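The following questions and answers go through a single protein chain. Please look over the sequence and the model first.

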Amino acid sequence: AAGSVMPRDARDAALESLLLMERRGAWSDGSVKRIVAQAGLDSRDAALCARMTYGVVQNRTLLDYYIDSWCSQKAARLEPVVACVLRLGIYQILFMDKVPDRAAVHETVELVKRRGKARAAGMVNAVLRKCVASKSTLPRLPQNDPLRRMTVQYSHPRWLVERLVSLVGAEEAEEFLRLDNRPVATCIQTNPLKTTPEELAQELRDAGVSVQPHPWLAGCFEITGTGDLERLPAFAEGRCTVQDAAARLAAMAAAPAPGDRVLDVCAAPGGKSFAMAMEMGNRGDILSCDIHPHKLKLIENGAARLGITIVRTALADGRERHAAWVEQADVVLADVPCSGLGIIRKKPDIRWKDPAALAALPAIQRAILGNAAAYVRPGGVLVYSTCTVLPEENGGVVTDFLSGHPEFVKEDFDLPGIGSCSGDATLWPQRTRTDGFYICRMRRRA
């Protein structure tokens, strides 16, 4: 990018990541990985860079509210480099206990100078000093408009706050927003093809990882303190895989039996295919499809790591009919592209997606579901799932589908931790402590 420099430390790398996102609309996780690799940062600096980048993305509206209180120029009018530098500085002062205020101020001023913006250094210094002086008396959040307060306090766009309040009420909406900004433990599941939950837990503890059994999902653990998870032998050698409980439940709702023929129509990066293969004891056949060739490689590599031999991959657009697959599958899973609003806690920048682009999603989802249905044999099962909580992408799509496909009916199912579901279930993070998710199970009449 124009004006970019080779990052020399974690702050530089965080700034470069934020600018990449501003200028090119890049995703935060991809930006951080790329910049950290380019800069050759060690694991400590890489973690610091990630913490600062995600922290700024998660708190952007709040940080800008403070900039507007302490700076004569509004955040929205500042040059992107200067605005990003100020957000980084304020984030360190207010949210990072281990960074001394003096260091945060000094390093941030040096950062703006290194970016060729020396004339802004005085202003940056003044704003950050005001921030330090105001730590115990921060500017009051908007009081007379509860929705505006939530928008600022939790840094979510107004349209999304309004929508959540309309769906679950102000109290639950606020808890949803709060959880989106809280750190979330990594959820892993034991690979029963290679080990037992007891052996896995012991191995991880021996490696210095903090391990808690998942509160209601057998064989799953919540782990922290892993460093780079992919370097742990337990992960690298396939004794466990990372998957949120909600995604695991989608595979459990599909409930394929050993020997079944399964079609996973939007499979990448493969987590639900792997979970179903484990449920099947690695007996049967799973065809995992995706529209992107490089993502098929991810599925193949993941299956190989886990010792799963029943997963095959195919390059396929979920909306296009493949005649050879019609009525061939016992179970079809359609985990469709969606707004992703249920996984903001994992991917903080999803909240900043253009809502206008989301309006086109239900049509794509209906097309994929309608096409996937053709692959279900008479008497077989069709599962539709998303990682969002918006009814128009969930129950609305299913209702439309069923009105045009009378040969399918919703079917009751049970899920651990959730209980009995009459045909479908929306998982809300503030209720289940999982990602936000929707799961619907249907059966084709024999």
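**Notes on the predicted model**

Arg-8 sits in the segment before α1 (10-24); helices (H or I, at least four residues) and strands (E, at least two) are DSSP runs, numbered from the N terminus. This is a predicted model, in which local features need pLDDT of at least 70 and side-chain atom pairs count only at pLDDT 80 or more, while totals for chains, interfaces and linings use all residues. Residues are numbered from 1 along each chain as its sequence is written, and side-chain values use heavy atoms, with hydrogens and water left out.

Q: Is Arg-8 buried or exposed?
A: Buried means under 20% relative accessible area, exposed over 50%, and partly exposed in between (1.4 Å probe, protein chains only). Because its relative accessibility is 58%, Arg-8 counts as exposed.

Q: What distance separates the C-alpha atoms of Arg-8 and Leu-41?
A: Arg-8 belongs to the segment before α1. Along the chain, Arg-8 and Leu-41 are 33 residues apart, and their C-alpha atoms are separated by 8.2 Å.

Q: How many disulfides are there?
A: A disulfide is a pair of cysteine sulfur atoms within 2.5 Å. By this rule the count is zero. Cys-49 is in no disulfide, its nearest cysteine sulfur being that of Cys-84 at 13 Å. Cys-421 is in no disulfide either, with the sulfur of Cys-440 as the nearest one at 10 Å, and the count of disulfides is zero.

Q: Which residues does Ala-253 contact, leaving aside its neighbours within four places in sequence?
A: Ala-253 is found in helix α12 and is buried, with a relative accessible area of 2%. Contact means heavy atoms within 4.5 Å. With those neighbours left aside, the contacts of Ala-253 are Val-383, Phe-413, Leu-415, Ile-439 and Arg-441.

Q: Is Arg-248 buried or exposed?
A: Arg-248 lies in helix α12. Leaving aside neighbours within four places in sequence, its contacts include Gln-189, Leu-217, Gln-243 and Glu-279. With a relative accessible area of 12%, Arg-248 is buried.

Q: How are α3 and α5 oriented to each other?
A: Two packed helices are described by the angle between their axes and the distance between the axes. Axes are lines fitted to C-alpha atoms, for helices over the stretch in contact, and angles run from 0 to 180 degrees between N-to-C directions. The axes of α3 (residues 43-58) and α5 (residues 80-95) come within 10 Å and cross at roughly 100°. Angles of 65 to 115 degrees count as roughly perpendicular (under 35 is roughly parallel, over 145 roughly antiparallel, the rest oblique), so α3 and α5 are roughly perpendicular.

Q: How many charged residues are in the contact of α3 with α5?
A: Arg-51, Met-52, Gly-55 and Val-56 in α3 meet Arg-87, Leu-88, Tyr-91, Gln-92 and Phe-95 in α5. Ala, Val, Leu, Ile, Met, Phe, Trp, Tyr, Cys and Pro count as nonpolar, Asp, Glu, Lys and Arg as charged, and the others, Gly among them, as polar. By class, the contact has five nonpolar residues, two polar, and, as for charged residues, two.

Q: What is the C-alpha to C-alpha distance between Thr-434 and Cys-187?
A: Thr-434 is in the loop between α18 (429-432) and β14 (437-444), and counts as buried at 0% relative accessibility. Thr-434 and Cys-187 are 247 residues apart in sequence, and in space their C-alpha distance is 9.5 Å.

Q: What is omega for the cis peptide bond that joins Ala-268 and Pro-269?
A: Most residues other than glycine have a negative phi, and most peptide bonds are trans. Pro-269 is found in the loop between β5 (261-264) and α13 (271-279). For the cis bond joining Ala-268 and Pro-269, omega is about 5°.
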